[in-house]
Amino acid sequence: MGHEPAVEGGDGDGQASPVGRLAATVERLRREVRAAQAEADGRALIELAKGILVERLGCGPAQASRQLAELTAQAGVTPLEFAVEVINQASRDRLSEVTSAFLAATAATDPPDGRASAVRLRAAESGALAADDTQAVADSLLEHALTPLGAEAVAIWALGSDGSLALAGSAGFSSAEAGRWRHVPPGVTTVARRGLTERDGEWIRSLSDTGLPSIGQHHHPDGGRIAVPAGTGGRIHGVLEIAWPAPLESPPPAIVRQIEALAELCAHTLETYTLRHPDGVTGPRVLPDVSELMDLADGLHDPALVLVPHLGPDGHLVDFRIHHVNSRFLDPAGRPRGAVNGALLLEAYPMAAGHSELFDRIERVYATGEPFRTHRMRLTALVDDVQLAAVADINVSRHGDSVLLIWRIEDETARLASLLQHAQRLGRIGGFEENLLTGEITWNGQLYHLYGRPVSDSPVPLEDLPAHAHPDDAVAIGRFLRTLLHQRRHASAAFRLQRPDGVTRHIRVVAEPVLDSAGQLYLLRGAYQDISAHHWTEVALAATRDQLAHSEQQASERNRLTLQLQHAIMPPTQAPLEVPGLDVAVRYRPAETQHLVGGDWYDAVVLPSRLVLLCVGDVAGHGIEAATSMVVLRNALRGLAVTGAGPAQLLSWLNMVAHHLTGAVTATAVCGLYDPENNTLRWARAGHLPPVLVRGSEAAPLPLVTGLLLGAVPEATYEEHEVQLAVDDTLLMYTDGLIERRDRSVEESLAQFLTVARAVPPTLDQQLDRLLTHSRSDTDDDTCIVGIRVA
């Protein structure tokens, strides 16, 4: 590690190094420069304080100088600090208001040169007012006022007439960075632009949080920014942007007021800058005379007003005076132009500030120079305690120090007439008026179009209407004319108009009589409307309703026959089967919705061989076809069972029956033969769920033997299984309507069914009823259950 060079000559070796002597010289020169700058700033402030004492005490300069020295000694402060106090007491300006708060905010950051913060603030003001360009103003603001607040850089932006921003001066940024930001085109959103559009300025804690581009953004991306508009007398001349190296906490109100005061200082310099550099071109700019703007307003075809700013005692904009109105101007309240010309805007239209926000728009245009245009703005005026409203198209633009307001009140009568024409066209309505005394008839263009006649033809009188209508409508038209002409009452009629081009249109005519003061009929007026589309729509709807009613009647009759057929073959309840040592019970639950009537079936019968035939089945589909196929298969199985064949053979024969039925019927089934003598059950299945055996507190399905569903192939063989039943065993056969759910698999539904089946009530009937009650099926399908219990 090296050692820092000695700044002063050391006593150790009696000789100072050349580098040390050079560094000491540079540091001494810096102190002298700072002292000279401070002395120059101080002399200007002291001379200003002397001038104030000359004016207040009525003495000469020498006496004022002695008086200032004596007062300074009595106060125990430096002459410069006392001079600033005199200036603050005498001026009572905005800078004086923020001085005390500025002192409190910057007390801990006062530089080692001993100058108080109030002195630095007045020095910044002196430098800004004395500077001949904005670059010097930026240097003065950063050095005297902003560095004590922790700011590292400042930029002063000038606002162009086209909305662009030009970097008029900067301090703390490199020359290369300033060169890249010399011009910001209009419409580009930057920190400065946001400060221009926000009335209270833009206060950004961290530049990276917003993503907005700005000058110096790459040096301290997490630093804070403040951008406030710089304006005077209601005019915004630019933006003051201040950069901090670290994130910026919310500044106290005192600091906010101080920065706004500094922005106002910048505005005075920017006003001179824009006069010398309009749109970047060096040279004086001559503001247009108000008389030129008045001539321009008088030459417009639209109503126009010329407004000039009206400033309050403090120099701030409070209103606009109506300097001139052109000959085409129409007041919303109907007042003559002389009553408006020369008045203040808010006095002539006091509601303009609150309801339509017109005043805010004008104020914004005057401040920024950006024009404003809108259509159909609602304006409100208060005249003699009467509130009046109007709708107008507004165009506001700034010309020098004046504002041109183009104010076109909408012609309500013309607008309503246009709306009426569009309504008549869309509604296919034509109006007429017939004078019975003069014979004059007036039609509008839409009525000629309805009649299919050119506008050069003569209108058709109402009395000649039967000649242009369908002969079958003569009675309705005659009743219409009698009511209108003889009974002198409002009347209407619908008829078919036969046009010259051969087209027939369905028309409704409505008319009313108009009587004179003597009670005599002299005028008829009314309207025709083309209701052809409505007529044919009603015809189509009527035909649709008839067809729908016929279809509903057919469907109802079909469902009724299906239910009758199904209930005739399988009533919901059936007398118990008398078999020694065996309880047999069946349940059938039809579908809740009639159109879902299906092909579920069951059977329990004692055969001549004393065996008991037990079976359930389900034919695919719903409706009359499924019910008919169910009857065929059920009866066929009962007939085949008397042959003494086993369950497998019976299903094989039943498969042939199903396959050869019309329509290629498919079905599932379980067939069992129970032998009461040895309590054995032989059974087979055709694509159906196997029976469930309930023994004690356990319930489980019988082994899943192979067997294809019925009707799928011409010939099929089926596997047969035998199970030995014990006393109190219960065997259940069922169709899938008992357990099937849309949101669960068959395995999950079967597990839920087995849980319910494990509870064994005292009787078999109670058990079947309990299974139906606790069924969670949601398919609204038929359900069949056959149960046996060994006694």
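**Reading a charged pair**

Mentor: The side chains of D603 and R634 meet in a salt bridge at 3.6 Å, N to O; the term denotes a side-chain nitrogen of Lys or Arg within 4 Å of a carboxyl oxygen of Asp or Glu. D603 lies in strand 18 and R634 in helix 19 (residues 624-641), so the pair ties together parts that are 31 residues apart in sequence. Helices (H or I, at least four residues) and strands (E, at least two) are DSSP runs, numbered from the N terminus. This is a predicted model, in which local features need pLDDT of at least 70 and side-chain atom pairs count only at pLDDT 80 or more, while totals for chains, interfaces and linings use all residues. Residues are numbered from 1 along each chain as its sequence is written, and side-chain values use heavy atoms, with hydrogens and water left out.

Trainee: Is D603 buried or exposed?

Mentor: D603 is buried, at a relative accessible area of 3%, and R634 is buried as well. Buried means under 20% relative accessible area, exposed over 50%, and partly exposed in between (1.4 Å probe, protein chains only).

Trainee: Which residues does D603 touch, not counting those up to four places away in sequence?

Mentor: Contact means heavy atoms within 4.5 Å. By that criterion D603 touches L613, L614, C615, R634 and R638. The side chains of D603 and R638 are also joined by a polar contact of 2.6 Å. A polar contact is a pair of N or O atoms within 3.5 Å; within protein, one must be able to donate a hydrogen and the other to accept it, and residues adjacent in sequence count only if both atoms are side-chain atoms.

Trainee: How many salt bridges does the structure hold?

Mentor: Side chains of opposite charge can pair when their charged atoms come close. The structure holds 17 salt bridges. One of them joins D729 and R695 at 2.6 Å, N to O. D729 lies in the loop between strand 24 (720-724) and strand 25 (730-734) and R695 in strand 22 (residues 692-695), so this pair ties together parts that are 34 residues apart in sequence. D729 is buried at 3% relative accessibility, whereas R695 is partly exposed at 41%.

Trainee: Which residues of helix 19 are buried?

Mentor: An α-helix has 3.6 residues a turn, so residues three or four places apart point the same way. In helix 19 the buried residues include A626, M630, L633, R634 and L637.

Trainee: What lines the largest cavity?

Mentor: Rolling a probe the size of a water molecule over the atoms shows where empty space is left. On a 1 Å grid over the protein atoms alone, a cavity is a set of points where a 1.4 Å probe fits but cannot get out, and lining residues have an atom within 4 Å of a point. Among the residues lining the largest cavity are L738, F753, L771 and H774. Helix 21 (residues 746-757) gives the most to this lining, with four residues.

Trainee: Where is D728 found?

Mentor: D728 is found in the loop between strand 24 and strand 25, and it is exposed at 55% relative accessibility. Most residues other than glycine have a negative phi. D728, although not a glycine, has a positive phi of about 75°.

Methods. 1 Å grid on protein atoms, 1.4 Å probe; cavity = no way out; pocket = protein on both sides within 12 Å on 5 of 7 lines; lining within 4 Å.
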